[in-house]
Amino acid sequence: MTTVNDPPNSTERVSSTRNTVLIATFAALIAAMGLVPPISIGIIPVPITLQTLGVMLAGALLGPVRGMLSALIVVVLSLCGLPILAGGRGGLGVLVGPTGGYLVGWIPGALVVGLIVTHWAIRRRNTLARYLAVALAAIVGGILVIYAVGVPWTSVVTGLPLTTSALGSLVFIPGDLIKAVVTALVAVTVHRSYRGLLDPRS
């Protein structure tokens with residue numbers, strides 16, 4: 001009989017170690033994508049970066065909890081001062097800058113992508129429907145949720161009207177849609193090869 005004081009069995013230990021490694025790996029992936037130089041635009045003071053793709057992939061490949069934790073690690077480390085954001089940025093100053101909301105939005109963004117992929121998108125039986133559903137999950141979590149935090153944050157910090165901040169963010173849409181497509185292609189392919197990667201509990 002198992003009691004609350006019994007040590008975790010080997011299966012639980014292996015699962016815990018595996019989850020830790022996956023979370024750390026995807027946190028490193030998101031950070032590594034920050035090495036790609038950001039593209040600055042003149043409309044609003046928020047650059048185009050590749051790291052949003054890492055957030056989408058973390059949620060779509062690891063599920064809601066592990067994907068969210070990967071994004072959370074990167075956010076926390078960057079706010080602690082590590083220059084792991086695109087352009088070598090880091091520190092608390094980022095949080096009170098125009099991009100702070102988009103950064104914070106990574107956390108619920110990865111969570112929502114993971115929830116939709118785990119509980120709906122990846123369960124589509126038709127292959128094309130599965131690709132489209134995962135892409136939709138990346139759009140909802142990786143674009144709508146992140147923008148829902150980032151747009152008003154930029155407006156408050158910079159003093160721009162909310163409509164100007166929202167209209168300015170439209171310039172990111174084409175690139176983010178491409179990231180959503182890439183996320184769908186990668187996630188469906190990986191989950192087809194490694195069916196145990198997604199765990200509804202994680």
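Mentor: Start with burial: a residue counts as buried when its relative accessible area is under 20%. The model here is predicted. Y102 has a relative accessible area of 9%, so Y102 is buried.

Trainee: Is F172 buried or exposed?

Mentor: F172 counts as buried, because its relative accessibility is 7%. Y147 is buried too.

Trainee: How is a pair of aromatic rings described?

Mentor: By the distance of the centres and the angle of the planes. The structure holds 2 aromatic pairs. In one of them, Y102 and Y147, the ring centres are 5.9 Å apart and the planes stand at 80 degrees, so this pair is edge-to-face. Y102 belongs to helix 5 (residues 100-119) and Y147 to helix 6 (residues 127-158), so the pair ties together parts 45 residues apart in sequence.

Trainee: What geometry does the pair of Y102 and F172 have?

Mentor: That pair is edge-to-face, with 6.2 Å centre to centre and 70 degrees between the planes. F172 sits in the loop between helix 7 (162-169) and helix 8 (173-193), 70 residues from Y102.

Trainee: How are two packed helices described?

Mentor: By the angle between their axes and the distance between the axes. Helix 1 (residues 10-33) packs on helix 3 (residues 64-79) at about 50 degrees, with the axes 8 Å apart. The two helices are therefore oblique to each other. Their crossing is right-handed. Among the contact residues are L22 and F26 of helix 1, and L69 and I73 of helix 3. By class, this contact has 10 nonpolar, 2 polar and 2 charged residues.

Conventions: Residues numbered from 1 in each chain as written. Predicted model: local features only at pLDDT ≥ 70, side-chain atom pairs only at ≥ 80, totals over all residues. Heavy atoms only, no water. Axes fitted to C-alpha atoms, helices over the stretch in contact; angles between N-to-C directions. Helix = DSSP H or I, 4+ residues; strand = E, 2+ residues; numbered from the N terminus. Parallel < 35°, antiparallel > 145°, perpendicular 65-115°, else oblique. Left-handed = near helix turned anticlockwise from the far one by under 90°. Contact = heavy atoms within 4.5 Å. Nonpolar A, V, L, I, M, F, W, Y, C, P; charged D, E, K, R; others polar. Phe/Tyr/Trp six-rings, centres within 6.5 Å; stacked < 30°, edge-to-face > 60°. Buried < 20%, exposed > 50% of the residue type's maximum accessible area, 1.4 Å probe, protein only.
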